[in-house]
Amino acid sequence: MDNNGLDKLSALILENRDAVLSQWREQVRKIPSAEHLDTPTLNDHIPQLIEELAAALRSRSNETIPEALSETSPPAHGLQRLQDRFDLEEVVSEYNILRGCIHELADANGLSLQGKAFHILNRVLDGAIGLAVHTYSTQKALEVKERREEYLTFVAHDLRTPLNAISLATGAMEEALPEQSVDGKNAWMLEVLRRNVRNLNGLIGKVLEENSNLLSEIDIKLERRTFDLWPLIEALLHDFHPGGGTSTRLINEVPHELVVYADAGLLRRVFENLIANATKYTPSGEVTISARETGAEGAIECRVSDNGMGIPEKRLGNVFDKFETDPEKGGGLGLGLAIVKTFIEAHGGKVSVESKQGLGSTFRFTLPGRSK
């Protein structure tokens with residue numbers, strides 16, 4: 001195709017831009033991830049890309065791919081399609097569909113896409129594909145890395161609760177044994193327990209410290225089932241008080257007949273974090289766990305209440321934020337209540353807190369019924 005042919009093709013593309021876009025949208029909507037998108041979101045930068053292609057044909061551009069497109073919008077398009085939940089194959093497909101539409105337009109008007117026209121078309125579209133895919137892949141890899149790190153952080157944090165239970169049980173055993181028997185083999189076994197708890201706490205601390213810069217939210221796969229709540233709470237309270245090793249009184253007021261529909265593992269971790277938080281601020285008082293049906297299609301409201309120190313009013317609005325810590329209580333990274341919020345919201349529920357300094361706190365959360 002000579003220069004005159006390039007000018008004709010450029011003008012043809014601009015004159016038929018809307019028709020090309022309409023044909024392109026009709027075909028792209030067959031891509032599963034594109035079916036639900038409205039027209040502006042589906043179009044994104046494609047109208048601009050068509051104009052860039054026409055300009056490149058008109059100028060007989062000999063620019064390299066990065067020079068032609070690095071200042072335009074394909075990188076932003078890659079991020080948009082990641083947000084639209086396209087996979088990489090779908091991102092490439094929508095550009096190739098546009099390539100096909102341009103070929104059909106040229107054929108229908110007696111223009112042959114050969115030589116320089118073919119080279120320019122492929123350079124522009126392949127350049128757009130490369131930039132969009134590179135941005136998409138880079139961001140996707142970053143998100144996967146962050147989710148893995150955050151999952152590791154959540155797991156490491158949750159391991160501290162059973163470790164604390166082991167530490168409490170060790171202390172209770174030492175107090176229960178007659179003083180004269182805590183020597184020789186018994187003393188050695190107790191020291192082994194204490195040393196390994198310290199070592200594990202140290203390892204967990206390193207994991208938490210190394211991953212303390214996380215910003216993304218973890219994706220959670222729920223495995224809901226129906227189960228009795230009272231036995232779960234009773235087992236938890238036994239773990240917290242294996243032998244009466246602390247002075248905080250833990251009370252299970254959950255009705256024996258109450259049934260919940262939830263992920264049992266995640267719900268246990270929610271209660272572990274709330275109870276651990278409550279006992280931390282109630283060293284010699286009471287912590288009460290209760291629950292009730294709300295009448296909203298099988299929904300359940302759960303409460304963990306204490307009569308401890310309470311939370312200052314200025315901190316109430318931020319207690320569920322990640323890395324929010326009490327400056328007067330060291331030793332944590334502020335993940336416990338953030339985990340509670342994340343897990344409850346993953347169930348479709350809500351979490352809240354009421355507290356007054358010196359009078360205690362009540363943490364509430366809801367679990368939707370099975371119909372949801």
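Select Cys-101: at 1% relative accessibility, this residue counts as buried (under 20% relative accessible area; exposed is over 50%, partly exposed in between; 1.4 Å probe, protein chains only). This is a predicted model, where local features need pLDDT of at least 70, side-chain atom pairs count only at pLDDT 80 or more, and totals for chains, interfaces and linings use all residues. Residues are numbered from 1 along each chain as its sequence is written, and side-chain values use heavy atoms, with hydrogens and water left out.

Next, pick Cys-302. Cys-302 is buried, since its relative accessible area is 0%. Now check the cysteine sulfur atoms for disulfides (pairs within 2.5 Å). The count is zero.

Move to helix α8. It spans residues 116-176 and contains Met-173. Helices are DSSP runs of H or I with at least four residues; strands are runs of E with at least two; both are numbered from the N terminus. Met-173 counts as partly exposed because its relative accessibility is 42%.

Zoom out to the chain. Colour by secondary structure: 13 helices and seven strands. Colour by burial: 43% of the 372 residues count as buried. The chain exposes about 19,500 Å², with carbon and sulfur atoms supplying 51% (Shrake-Rupley method, 1.4 Å probe).
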